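The following note sets out numbered points for a colleague's review. Please read them alongside the sequence and the model.

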Amino acid sequence: NYKLDHKNKRFKAGPKFEKMSTPTVDDFIMLSQIGKGTYAKVILVRYKADNKLYALKMLKKKYIIEKNQ
């Protein structure tokens, strides 16, 4: 239910998603690590609200701070 805002070139959440709050790490159940790199790792997670599986990318804060400077 996402719609493209052509003026700003951004996606807008449809009515179904606007009512939901932004998920936090506590809203997921960590199942297993499915990938690992220098800057991040990818975790298979289950979202508690809808019980669906998702891939969660966890970036290392050290590299994000270095890249923004």
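1. Aromatic pairs. Rings of Phe, Tyr and Trp (its six-membered ring) are taken to pair if their centres lie within 6.5 Å; planes under 30 degrees apart count as stacked, over 60 as edge-to-face, and the rest as tilted. By this criterion, a search of the whole structure finds 3 aromatic pairs. One of them joins Y47 and Y54 in an edge-to-face arrangement, with 6.2 Å centre to centre and 80 degrees between the planes. Ring pairs link F28, Y47 and Y54 into a cluster.

2. Basis of the model. The model is predicted, and local features need pLDDT of at least 70, side-chain atom pairs count only at pLDDT 80 or more, while totals for chains, interfaces and linings use all residues. Residues are numbered from 1 along each chain as its sequence is written, and side-chain values use heavy atoms, with hydrogens and water left out.

3. Overall composition. Helices (H or I, at least four residues) and strands (E, at least two) are DSSP runs, numbered from the N terminus. The protein chain holds 2 helices and 5 strands. Read from the N terminus, its elements follow the order β-β-α-β-β-β-α.

4. Burial. A residue is called buried under 20% relative accessible area, exposed over 50%, and partly exposed in between (1.4 Å probe, protein chains only). Of the 69 residues in the protein chain, 10% are buried. Y54, by contrast, is partly exposed because its value is 36%.

5. The sheet. Which order do the strands of the open sheet take? The order is β3-β4-β5, a sheet of 3 strands with antiparallel pairing; two strands are said to pair if DSSP finds at least two bridges between them. β3 (28-36) and β5 are the edge strands, each pairing on one side only. From one strand to the next, the twist averages 30 degrees (axes are lines fitted to C-alpha atoms, for helices over the stretch in contact, and angles run from 0 to 180 degrees between N-to-C directions).

6. Pairing of β3 with β4. Strand β4 covers residues 40-47 and is joined to β3 by 7 bridges, the two running antiparallel.

7. Pairing of β4 with β5. Here too the strands run antiparallel, with 7 bridges joining β4 to β5. The hairpin of β4 and β5 has 5 residues between the strands.

8. The loop between β4 and β5. How large is phi of N51? It is near 65 degrees, a positive value in a residue other than glycine, and N51 is found in the loop between β4 and β5. K48 is found in that loop as well; K48 is classed as exposed because its relative accessible area is 51%. Across the chain, K48 and D27 are 21 residues apart in sequence, yet 5.7 Å apart in space, C-alpha to C-alpha.

9. Nonpolar surface patch. Patches are made of residues with over 30% relative accessible area and no salt bridge, where like charges are joined within 9 Å and nonpolar side chains (Val, Leu, Ile, Met, Phe, Trp, Tyr) within 5 Å. A salt bridge is a side-chain nitrogen of Lys or Arg within 4 Å of a carboxyl oxygen of Asp or Glu. Accessible areas come from the Shrake-Rupley method with a 1.4 Å probe; for residues, only the protein chains shown count as cover. V25, M30 and M58 make a nonpolar surface patch of about 250 Å².

10. M58. Which strand contains M58? M58 lies in β5, residues 53-59. M58 counts as partly exposed because its relative accessibility is 33%. M58 and I43 are 15 residues apart in sequence and 7.5 Å apart in space, C-alpha to C-alpha.
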